[in-house]
Amino acid sequence: MTKHQLFNNIVKKQSFLCIGLDTDIKKIPVHLLKEEDPIFSFNKTVIDVTQQYCVAYKPNTAFYEATGISGLISLKKTVKYIRKNYPEQFIIADAKRGDIGNTSKMYARSVFDHADTDYDAITINPYMGEDSIRPFLVYPNKWVILLVLTSNKGSHDFQLATCSTGEYLFEKVLQKSQTWATDEQMMYVIGATQVKMLTNIRKTIPNHFLLVPGIGTQGGNLKNVAKYGINSHCGLLVNSSRQIIYADFSKKFAEAASQEAQKIQSEMAKYLARYIHLE
Ligand SMILES: O=C(O)c1cc(=O)[nH]c(=O)n1[C@@H]1O[C@H](COP(=O)(O)O)[C@@H](O)[C@H]1O
């Protein structure tokens, strides 16, 4: 998917919501455990009732790898289901990869070379440098999303460490990585909890899309993310996982997930109207 297509979907749906499919077998409603593939059944239901409110889904591969081969099968079915039924959705493999070039080539094949799991993007940890990213960039219309300033406390350990030049380490990563690909192929993860940094970040990368996780359960605030992060083509995909998919643990989970997604979408529509002036 191109940047232009993504923006068109945002305008059409009046939403820049990405729903995180962090599906944990221990958290899904018990009545689903009788199903042949409970994880897929849960995802399918959540997708069907939320797809009109979002433009992207982000399955976090850890949740599927955690249950072994059966989890990988559920993941494959989930991605295939989205692609077949809701082809306009942007699908992110939240796999947080990155290794020496020769190994990254294999990681890139694992996400971008299979018709069954037709992802649009992958999250990558950039701290191993350029050769760990390059193999992902040879796929046309596929995106890399670099983890630059994450939402967790540990971001202070290295990303917010000050270099001898006076900049934060994450700022160096932002500067350097822009020479590897354009804003048509690269996005950055900036945690919603790092909103104070957004104004400066936008000075360095005014045009890039940002994937912003951390609203809801982690305490980030959508209003401020929108205020400081939106650019002329939106430039934001704001993720919410637990707040939506575990809005309720009973048989009414689908209704609750749908309501939660709708609530976020209507707030997003307000910000799109406030900050983007379409002709
Ligand atoms: O790359 C990510 O998506 C990510 C980066 C980051 O800095 N913080 C972060 O929470 N995430 C992911 O975003 C999702 C957040 O989930 P919730 O806190 O439940 O909305 C999880 O899948 C995290 O792994």
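## Chatting through a predicted model

Student: Hi! Where does P87 sit?
Tutor: P87 is in the loop between α4 (69-85) and β3. Helices (H or I, at least four residues) and strands (E, at least two) are DSSP runs, numbered from the N terminus. This is a predicted model, where local features need pLDDT of at least 70, side-chain atom pairs count only at pLDDT 80 or more, and totals for chains, interfaces and linings use all residues. Residues are numbered from 1 along each chain as its sequence is written.

Student: Is P87 buried or exposed?
Tutor: P87 is exposed, because 10 other C-beta atoms lie within 10 Å. The cut-offs are 20 or more such atoms within 10 Å for buried, 12 or fewer for exposed, and partly exposed in between, with C-beta atoms placed from the backbone.

Student: And how many helices and strands are in the protein chain?
Tutor: The protein chain has 11 helices and eight strands.

Student: Let's take α1. Which residues of helix α1 are buried?
Tutor: In α1 (residues 3-13), those are L6, I10 and K13. They fall within an arc of 80° seen down the axis, so they line one face of the helix; the arc is that of the directions from the helix axis to the C-beta atoms. H4 and K12 are exposed on the other side of α1.

Student: Why do residues three or four places apart point the same way?
Tutor: An α-helix has 3.6 residues a turn, so residues with that spacing, three or four places, point the same way.

Student: Nice. What covers the buried residues of α1?
Tutor: The cover includes β3 (90-97). After α1 comes Q14, with a positive phi near 50°.

Student: New topic: the ligand. Which residues come nearest?
Tutor: Of the 21 residues around the ligand, T150, S151, P213, S241 and R242 come nearest. A residue counts as near if its C-beta atom, placed from the backbone, lies within 6 Å. β8 (236-240) and α10 (242-245) are the elements that give two or more residues to this shell.

Student: How do the residues of that shell divide into nonpolar, polar and charged?
Tutor: Three are nonpolar, 15 polar and three charged. Here Ala, Val, Leu, Ile, Met, Phe, Trp, Tyr, Cys and Pro count as nonpolar, Asp, Glu, Lys and Arg as charged, and the others, Gly among them, as polar.

Student: Last one: what percentage of the protein chain counts as buried?
Tutor: Of its 279 residues, 44% count as buried. The C-alpha atoms fill a box of roughly 60 × 45 × 35 Å, taken along the principal axes.

Note on methods: Two residues are in contact if their C-beta atoms, placed from the backbone, lie within 7 Å.
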